[in-house]
Amino acid sequence: MTKSLKPATLCVRAGYVPRNGEPVEPPIVQSTTFKYDSSDDMARLFDLEAVGYFYTRLQNPTNDAVAAKIAALEGGVGAVLTSSGQAANFFAMLNICEAGSHIVSSSEIYGGTFNLFGVTLKKMGISCTFVHPDASDEELRAAFRPNTRALFGETITNPGCAVLDIERFARIAHEQGVPLIVDNTFATPINCRPFEWGADIVTHSTTKYMDGMASQVGGCVVDSGNFPWDQYADKYPGLTTPDASYHGLTYTKAFGKMGYTTKLVTHLMRDLGSIPSPQNAYLLNLGLQTLHLRMRQHCLNAQRIAEFLASCDKVAWVHYSGLPTDAYYERAKKYLPNGSCGVIAFGLKGDRQTAVTWMDSLRLINIATHVADARTCVLHPASHTHRQLSDEQLRDAGVPADLIRLSVGIEDVDDLLDDIRQALEKV
Ligand code: PLP
């Protein structure tokens, strides 16, 4: 029923349909476990022969309702909520990789994901080659190896605000016989649905716009159901050959398009955990109900502020794909025709201290290690998240020392502009 509904309707209603006399809000099923009448009833669940809940680390009705809403918004066949965005990207990879595997990733991604792929996965025997997202097709192809299992990128990069050429990335991933995984946190399915451009799997930090109120940390992995795992069976034995820990069941055969999602739940969640609490899933759902309204306002406000910054003498540069002068303006018209997000990257003329003085002079806008929230906030990576790096190391990491990440919220834009202006007068 949800497939034909528009995104705004899906935000409000998808994932949960109350029956006669039931609550309109999905109830918080804050229970670790579920009771059955007979031993046989429960045994059938463990054998995956019957559908039902038995333990919240695997599945929970509140979490499932919210995951189903996100799957509907992205146009996927299945989704799994995770305890954080980090867990979502980790599980999306680990579901199809093992020691000895290799992945290719855009180098312009969130620092936490960069570290996960470059350091932590490496310690587990999974290596990663980083390639600039605007590298040529040849350079991108050259990064692939026989043991490559996935290509990864972010729709809009954090913190640089570059826009990914999803269609090109998908084409090259498919040529190489691997899926494209896209972190769609900043665009959200309101502004871009990567499956429509060929991506196979989408991940989210739901901590960001989907929640929008800074009230819970969470993540989500969504599967399009489109990648032909069986065609590349030798690369993905975890999905395409019998799983001894599930009585010899083969995920793609037993669950078809739901094979990837089912494996993520029954294998990774079973063995590693990382589920959100049902309470957090409930809070996330409150945020999702207004996602379409908030994204529109984030984009309107950010556009006004980006235009102001671009016209200001004290500003050295601005990256926001809604500006006609931006390197990603044309690409954003294709992938983000209704707006990108509220995040702007810019630099002030001066040095690191100029950015600090400007931020310390703000009265309304928060200094916060957060982004994509209803409250406008600001972060200077060189002083905060990346403060151990020299200017040269910052440049190598694609984060110039003067980069300020301004996450524009949904307050009245004139109040935000007043605050930005009065702080600029102090530098
Ligand atoms: N992906 C992106 C694009 C992010 O910006 C972040 C966090 O900022 C993450 C993933 C990680 O998400 P979380 O903080 O929910 O673990």
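Mentor: Happy to! Let us begin with a term: a residue is buried if its relative accessible area is under 20%, exposed if over 50%, and partly exposed in between, using a 1.4 Å probe and protein chains only. This is a predicted model, so local features need pLDDT of at least 70 and side-chain atom pairs pLDDT 80 or more, while totals for chains, interfaces and linings use all residues. Residues are numbered from 1 along each chain as its sequence is written, and side-chain values use heavy atoms, leaving out hydrogens and water.

Trainee: Is A71 buried or exposed?

Mentor: A71 lies in helix α3, residues 61-74; helices are DSSP runs of H or I with at least four residues, strands are runs of E with at least two, and both are numbered from the N terminus. The relative accessible area of A71 is 6%. The cut-off for buried is under 20%, so A71 is buried.

Trainee: Which residues does A71 touch, not counting those up to four places away in sequence?

Mentor: Contact means heavy atoms within 4.5 Å. With that rule, A71 touches G76, G78, A79 and V222.

Trainee: How far apart in space are the C-alpha atoms of A302 and G322?

Mentor: A302 belongs to helix α13, residues 291-310, and counts as buried at 0% relative accessibility. In sequence, A302 and G322 are 20 residues apart. Between their C-alpha atoms the separation is 8.8 Å.

Trainee: Which residues have the most contacts inside the largest nonpolar core?

Mentor: A nonpolar core is a set of buried Ala, Val, Leu, Ile, Met, Phe, Trp, Tyr and Cys residues joined through side-chain atoms within 4.5 Å. The largest one has 93 residues, and helix α4 (residues 85-94) gives the largest share of this core, six residues. Apart from it lies another core of 29 residues, with I344 and M359 among them. Back in the largest core, the residues with the most contacts are I96, F117, L180 and Y260.

Trainee: Why is the pair of W229 and Y236 called edge-to-face?

Mentor: Rings of Phe, Tyr and Trp (its six-membered ring) pair if their centres lie within 6.5 Å; planes under 30 degrees apart count as stacked, over 60 as edge-to-face and the rest as tilted. By this rule there are 13 aromatic pairs. The rings of W229 and Y236 have centres 5.0 Å apart and planes at 80°, so this pair is edge-to-face.

Trainee: Which residues do ring pairs link into a cluster?

Mentor: Two members are buried: W229 at 6% relative accessibility and Y236 at 2%. Y260, another member, is in contact with residues including F91, I96 and W229.

Trainee: What is the radius of gyration of the protein chain?

Mentor: The chain has 17 helices and 12 strands. The radius is taken over C-alpha atoms, and the globule rule is 2.2 Å times the number of residues to the power 0.38. For 427 residues that rule gives 22 Å, and the chain comes close to it, so it is as compact as a globular protein of that length. Its radius of gyration is 22 Å.

Trainee: What share of the 427 residues counts as buried?

Mentor: Here we use the whole protein chain and the burial cut-off of under 20%. The share of its 427 residues that count as buried is 55%.
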